[in-house]
Amino acid sequence: MFRNHGRPSYRPVFIGVAPVALLFTWRRVWRSAIDCSPGEVCDLPQVKRAYELLFGIVAALAFPHLASLF
């Protein structure tokens with residue numbers, strides 16, 4: 001790890017913020033179709049699938065770091 005040289009470590013802050021950000025992102029990606037108006041980007045199935053795939057990749061990369069805390 002890097003040395004802090006007397007500065008505070010922000011790692012615990014980012015570890016706490018990451019699950020909250022993932023939760024809000026999950027809610028936005030998997031929201032119901034009722035929240036989308038026809039013609040909006042979120043209404044297109046290809047875009048929705050791409051959002052879900054990208055979220056899955058990001059969550060898979062973040063999960064090992066979060067799992068080590070439990």
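This note sets out points on the fold, surface, charge pairing and selected residues of a predicted model.

1. Basis of the values. The model is predicted: local features require pLDDT of at least 70, side-chain atom pairs count only at pLDDT 80 or more, and totals for chains, interfaces and linings use all residues. Residues are numbered from 1 along each chain as its sequence is written, and side-chain values use heavy atoms, with hydrogens and water left out.

2. Secondary structure and burial. The protein chain contains two helices and zero strands; helices (H or I, at least four residues) and strands (E, at least two) are DSSP runs, numbered from the N terminus. Of the 70 residues in the protein chain, 10% are buried. Buried denotes under 20% relative accessible area, exposed over 50%, and partly exposed in between (1.4 Å probe, protein chains only).

3. Overall surface. The protein chain exposes about 6200 Å², of which carbon and sulfur atoms supply 68%. Accessible areas come from the Shrake-Rupley method with a 1.4 Å probe; for residues, only the protein chains shown count as cover.

4. Charge pairing. The structure holds one salt bridge, defined as a side-chain nitrogen of Lys or Arg within 4 Å of a carboxyl oxygen of Asp or Glu. Glu52 pairs with Lys48, and their closest N and O atoms are 3.7 Å apart. Both residues belong to helix H2 (residues 45–67) and are four residues apart, about one turn of the helix. Glu52 is partly exposed at 23% relative accessible area, and Lys48 is likewise partly exposed at 27%.

5. Nonpolar patch. Tyr10, Val13, Phe14 and Val17 make a nonpolar surface patch of about 440 Å². Patches are made of residues with over 30% relative accessible area and no salt bridge; like charges are joined within 9 Å, and nonpolar side chains (Val, Leu, Ile, Met, Phe, Trp, Tyr) within 5 Å. Tyr10 is located in the segment before helix H1 (11–29). Tyr10 counts as exposed because its relative accessibility is 54%.

6. Leu53. This residue of helix H2 counts as exposed, with 56% relative accessibility. The C-alpha atoms of Leu53 and Val29 are separated by 10.0 Å, the two residues being 24 residues apart along the chain.

7. Asp43. The loop between H1 and H2 includes Asp43, which is partly exposed at 38% relative accessible area. Setting aside residues up to four places away in sequence, Asp43 touches Cys36, Ser37 and Pro38, where contact means heavy atoms within 4.5 Å.
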